[in-house]
Amino acid sequence: MAKPADTRTAGRKPAVRATRSAAETEKIRAALAARRDELRAEYDQTLSEITELQRDRLTDSAGDDQADTGTKTFEREQEISLANSIRERITQVERALERLDEGGYGWCERCGNPIPVERLAAFPSATLCVTCKQLEERR
């Protein structure tokens, strides 16, 4: 029995991958590395603030009622969520740097077509083209 054709890539030929010049690759690498370093500094600052706030909460919790305790718990969860979000963005940028080294940066991981330069300018660690990203978000 024959396998059904993949509807995402049926009728489409993957684009021929053009090679970037060494200067273009280094420019992209420098921008990604700078973004990674910014995110790491933001992450470290956020962790420092969380630690300081935790210390303050421990020393200033006498006489708290249930509402105060609930508010502090909510705030702590928000801070941890923010730190996790920053960590995820760091991981995305590191993955983009790996893809750059492997020659796959700027190419959709799903269909193999080039990711538009405008998308990469707005979201440098993008791994999917606009069409594939839209399909993913609909699921």
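Hi everyone, let me start with one arginine. Leaving aside residues up to four places away in sequence, R119 touches A126, L128, C129, V130 and K133. Before I go on, please keep in mind that this is a predicted model. As for where we are, R119 sits in helix α3.

So what about its charge? Which side chain of opposite charge is nearest to R119? That would be E137, at 6.7 Å. A salt bridge needs the nitrogen and the carboxyl oxygen within 4 Å, and R119 has no salt bridge, although this arginine is buried.

Now to the pairs that do form. In general, side chains of opposite charge can pair when their charged atoms come close. How many salt bridges does the count come to? The count is 12, and I'd like to walk you through some of them.

Let's take helix α1, which covers residues 22–59. Here R29 and E26 form a salt bridge through their side chains, with an N to O distance of 3.2 Å. Why do these two line up? They are 3 residues apart in that helix, so about one helical turn separates R29 from E26. On accessibility, R29 is partly exposed at 24%, and E26 is partly exposed too, with a relative accessible area of 44%.

Next, a pair that goes between helices. E42 and R89 form a salt bridge, and their closest N and O atoms are 3.7 Å apart. E42 belongs to helix α1 and R89 to helix α2, residues 66–102, so this pair ties together parts 47 residues apart in sequence. For the surface picture, E42 has a relative accessible area of 34%, which makes it partly exposed, and R89 is partly exposed at 29%.

E136 is in helix α4, residues 130–138, while R110 is in the loop between α2 and α3, so the pair ties together parts that are 26 residues apart in sequence. Both ends are partly exposed: E136 has a relative accessible area of 33%, and R110 has 26%.

Finally, something beyond pairs. Which residues are linked in a network of salt bridges? They are R95, E98, R99, E102 and E109.

Key: Residues numbered from 1 in each chain as written. Predicted model: local features only at pLDDT ≥ 70, side-chain atom pairs only at ≥ 80, totals over all residues. Heavy atoms only, no water. Helix = DSSP H or I, 4+ residues; strand = E, 2+ residues; numbered from the N terminus. Buried < 20%, exposed > 50% of the residue type's maximum accessible area, 1.4 Å probe, protein only. Lys, Arg positive; Asp, Glu negative; His and termini not counted. Contact = heavy atoms within 4.5 Å.
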